[in-house]
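This briefing is meant for a reader who is meeting the structure for the first time. Please look over the sequence and the model before going on to the points below.

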Amino acid sequence: MSFHAVNRRTFLKTASTAAAISLLPGRLLWAAGQHKIDNIAVQLYTVRDLMQNDFEGTIAKVAQIGYKEVEFAGYFGRTADQVKAVLDKNGLKAPSTHVQYDELDDKFPSVIEFSKTIGLEYIICPWISEEARKNPDIWKQAADKFNKCGEQTKKAGMEFGYHNHWFEFLPVNGKKPYDELLAMCEPNLVKMEMDLCWITAAGADPVTYFEKYPGRFPLVHVKDIKKLPKITQGGSQDFGSSLDELTEVGSGIIDWKRIFAHSEQAGLKYYIVEHDKPKQPLQSIKTSYEYLSKLRW
């Protein structure tokens, strides 16, 4: 057999293989390749003490690390126009903000107006206080409130969501509050910002929720934990703020590749780094950024 014939056969075989691959479903190709996070966001609560003293300078330093997106948890007295100007100056986008539970009633129209000026996509309720959770009907009340907020944000061209801690995964009267919220909240009105650390701390599995409720998790909080803590229904989140358990992303026990392999199923758009109480905030978010920017799955 001639050298030319061998090359021709090799070429035809390669071409046939390439053609076959091109006919594979997009999802299979997605699963076969290497995937990464294009834009890594950060929850500015992580650098809140620095922002208190130097709002603009801290946001500039966040951008210098490489972050392109930030999530707010307070504006430190700035107007919406001032916040937007700082973002624009540093080439940043703010897809979301955290707004307290007691701001979701009479104050909510002004929250929406402020958020639209900044250019937000999501308004997120981050917490329901322990005192409020003593109400036996709190989760039904919360779901009703969230649905109403979702209607208002949808009319304004945005979306509403809820951010969990650990207590939503501890059964109350045999039912997990998080499951109750997912059942009672309208999927087209209320999204979930899953905190991947807190759900892990509670002993639950994010992937189970991604599989059961596909497309309902456009945002996640990405923070790591060194060991599983002892958790209880009540009390403050001391275990999360004590410096003993939380750590930079990639330095703890969470299997990020396993979780992020289900990103498409979850409907995930924004991966938001957070550390509740880092010893060195800027170094902490830099370490997490460097890990996530290199992560492939």
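A residue is called buried when its relative accessible area is under 20%, exposed when that value is over 50%, and partly exposed in between. The model described here is a predicted one. Its secondary structure comes to 15 helices and 10 strands, and buried residues make up 47% of the 297 residues in the protein. Among contacts between residues at least 6 apart in sequence, 80% join residues at least 24 apart.

**Glu211 in helix H11**

- Glu211 belongs to helix H11, which covers residues 206-212, and because its relative accessibility is 46%, Glu211 counts as partly exposed.
- When residues up to four places away in sequence are not counted, Glu211 touches His262 and Gln265.
- The C-alpha atom of Glu211 is separated by 7.4 Å from that of Ala266, a residue that lies 55 residues apart from Glu211 along the chain.

**Strand S1 and its partners**

- In a regular strand, the side chains alternate between the two faces of the sheet.
- Strand S1, made of residues 40-43, is covered on both faces, with Ile40 and Val42 on one side, Ala41 and Gln43 on the other, and all of them buried.
- S1 and S10 pair in the parallel sense over 3 bridges; within this pairing, the bridge partner of Ile40 is Tyr271, and the bridge partner of Val42 is Val273.
- S1 is also joined by 3 bridges to strand S2, residues 69-72, and these two strands run parallel, with Gln43 standing opposite Glu71 in S2.

**Strand S10 and strand S7**

- In strand S10, residues 270-273, Tyr270 and Ile272 point one way while Tyr271 and Val273 point the other way, and all of these residues are buried.
- Besides its pairing with S1, S10 is joined by 4 bridges to strand S7, residues 219-222, and the two strands run parallel.

**Helices H5 and H6**

- Two packed helices are described by the angle between their axes and by the distance between those axes.
- The axes of helix H5, residues 80-89, and helix H6, residues 108-118, come within 8 Å and cross at roughly 25°.
- Angles under 35 degrees count as roughly parallel, and H5 and H6 are therefore roughly parallel to each other.
- H5 passes H6 in a right-handed crossing, and the contact is made by Ala80, Asp81, Val83, Lys84 and Leu87 on the H5 side and by Phe114, Thr117 and Ile118 on the H6 side.

**Thr153 in helix H8**

- Thr153 has its place in helix H8, residues 138-155, and because its relative accessibility is 0%, Thr153 counts as buried.
- Leaving aside neighbours within four places in sequence, Thr153 is in contact with Phe108, Ile112, Ile123, Met158, Glu159 and Phe160.

**Ile65 in helix H4**

- Ile65 is found in helix H4, which covers residues 55-65, and, with neighbours within four places in sequence left aside, Ile65 is in contact with Leu282, Ile285, Lys286 and Tyr289.
- The C-alpha atoms of Ile65 and Thr287 are separated by 9.6 Å, although these residues are 222 residues apart along the chain.

Conventions
Residues numbered from 1 in each chain as written. Predicted model: local features only at pLDDT ≥ 70, side-chain atom pairs only at ≥ 80, totals over all residues. Heavy atoms only, no water. Axes fitted to C-alpha atoms, helices over the stretch in contact; angles between N-to-C directions. Parallel < 35°, antiparallel > 145°, perpendicular 65-115°, else oblique. Left-handed = near helix turned anticlockwise from the far one by under 90°. Contact = heavy atoms within 4.5 Å. Buried < 20%, exposed > 50% of the residue type's maximum accessible area, 1.4 Å probe, protein only. Pairing = 2+ DSSP bridges.
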